[in-house]
Amino acid sequence: MFRRRKNPGNNSPAKRQNKEIKETKITINCVTFPLPSVTPDQPEQQLLKPNEWSYCDYFWTDKKDPQGTPSVGGFEVLLQKQLKGKQMQKEMAEFVRERIKIEDEYSKNLSKLSQSPLAAQEEGTLGEAWAQLKRSCHDEAEVHLKFSNKLQCEVEKPLLTFRDNFKKELKKYDHHIIDLRKQLASRYAGVEKARKALADRQKDLEVKTQQLDIKHMNKHEEDIKKARRKSTQAGDDLMHNVDLYNRAQSKWFEEMVTTSLELERLEVERVEMIRQNLRQYTTLRHETDMFNQSTVEPVDQLLQSVDPAKDRELWVQEHKTGELRPVDMDI
């Protein structure tokens, strides 16, 4: 049962005319808010999570569209943020996929290049250094292939599989809040209908009171009593509908707080997950640089040992045609 309050239908026309009512609340899109001028004086308007910029404190009113289209609810703004985050996550995975393709192609080209016969006939210490450089290309190709495989397993896949049903979860929240908002709108319509009915009954009572005629005193008194009963009943109906409205709004408020905090938690998890995966990307990248460096270190060592004089000695020993030099002919 709803709490019984003073019946607005019992107010006499004279009292209603003399009564000054200071409006302290306003209803926007079926949701009741305090006027900004009185908000600071209301303890219930303090932030639920001060200094945290929490979703549950800043998305209660509907957002007006500058292009004139219907306003967007605060909860819809939160949903769009989540869906945008999901799309950004997908695009990040696509970026990593493109990097994987580049690494694969680069690895294939390096491996192919390492098999090239170019300068294969170089000899001596320079020939050894050149052969090691070609082998380093093959080793580097292996490094990039491993980097590509790790990117796929440790970065791309987690980005793609993180909350595969994320959109379905958001739709579940969306439908629940929308249903509660529809119920609130229905209760508000009931209040407005009851308010109009009360005004009509009070006006009817006022008219009948003014038409009081001594000649037909008994009949008019009966009509006034009947009108007063109807006005009282209309007042009861209004209080009942206001009570139902307040209950619906309280339920919507509670679910908005709970759901917005859940969306906030999901967003924190998404950001943390992406940060972790991007840090894994940089870790793998550093490892790749380190392994690439290790592939050229043997080349550097052999290049330090390149000795033109030694190469000349080795080449001459293998290809010399004779040590005897020409002399003058005798007569």
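Keep in mind as you go that the model is predicted.

**Stop 1: the salt bridges as a group**

Begin with the whole structure on screen, where a search finds 18 salt bridges. Side chains of opposite charge can pair when their charged atoms come close. We will visit a few of these pairs one by one.

**Stop 2: E267 and K81**

Select E267 and K81 and show their side chains, which meet in a salt bridge with an N to O distance of 3.6 Å. Now colour helix α6 (residues 217–304), which holds E267, and helix α3 (residues 74–114), which holds K81; the pair ties together parts that are 186 residues apart in sequence. Are these two residues buried or exposed? E267 counts as buried, at 9% relative accessibility, while K81 is partly exposed, with a relative accessible area of 38%.

**Stop 3: along helix α6**

Stay on helix α6 and pick D243 and R247, which are four residues apart, or about one helical turn. D243 is buried, its relative accessible area being 13%, whereas R247 is partly exposed at 46%.

Next, move to R265 and E269, also in helix α6 and again four residues apart, about one turn of the helix. Their side chains form a salt bridge too, at 2.4 Å from N to O.

**Stop 4**

**Stop 5: where α4 packs on α7**

For the last stop, hide the side chains and show helix α4 (residues 124–161) with helix α7 (residues 308–319). The two helices pack at an angle of about 105°, and their axes are 6 Å apart. An angle from 65 to 115 degrees counts as roughly perpendicular, and α4 and α7 are therefore roughly perpendicular to each other.

To see what touches what, select G124, T125 and L126 on α4, then K310, D311 and L314 on α7; these residues make the contact. By type, the contact residues divide into two nonpolar, two polar and two charged.

Key. Residues numbered from 1 in each chain as written. Predicted model: local features only at pLDDT ≥ 70, side-chain atom pairs only at ≥ 80, totals over all residues. Heavy atoms only, no water. Salt bridge = Lys/Arg side-chain N within 4 Å of Asp/Glu carboxyl O. Buried < 20%, exposed > 50% of the residue type's maximum accessible area, 1.4 Å probe, protein only. Axes fitted to C-alpha atoms, helices over the stretch in contact; angles between N-to-C directions. Parallel < 35°, antiparallel > 145°, perpendicular 65-115°, else oblique. Contact = heavy atoms within 4.5 Å. Nonpolar A, V, L, I, M, F, W, Y, C, P; charged D, E, K, R; others polar.
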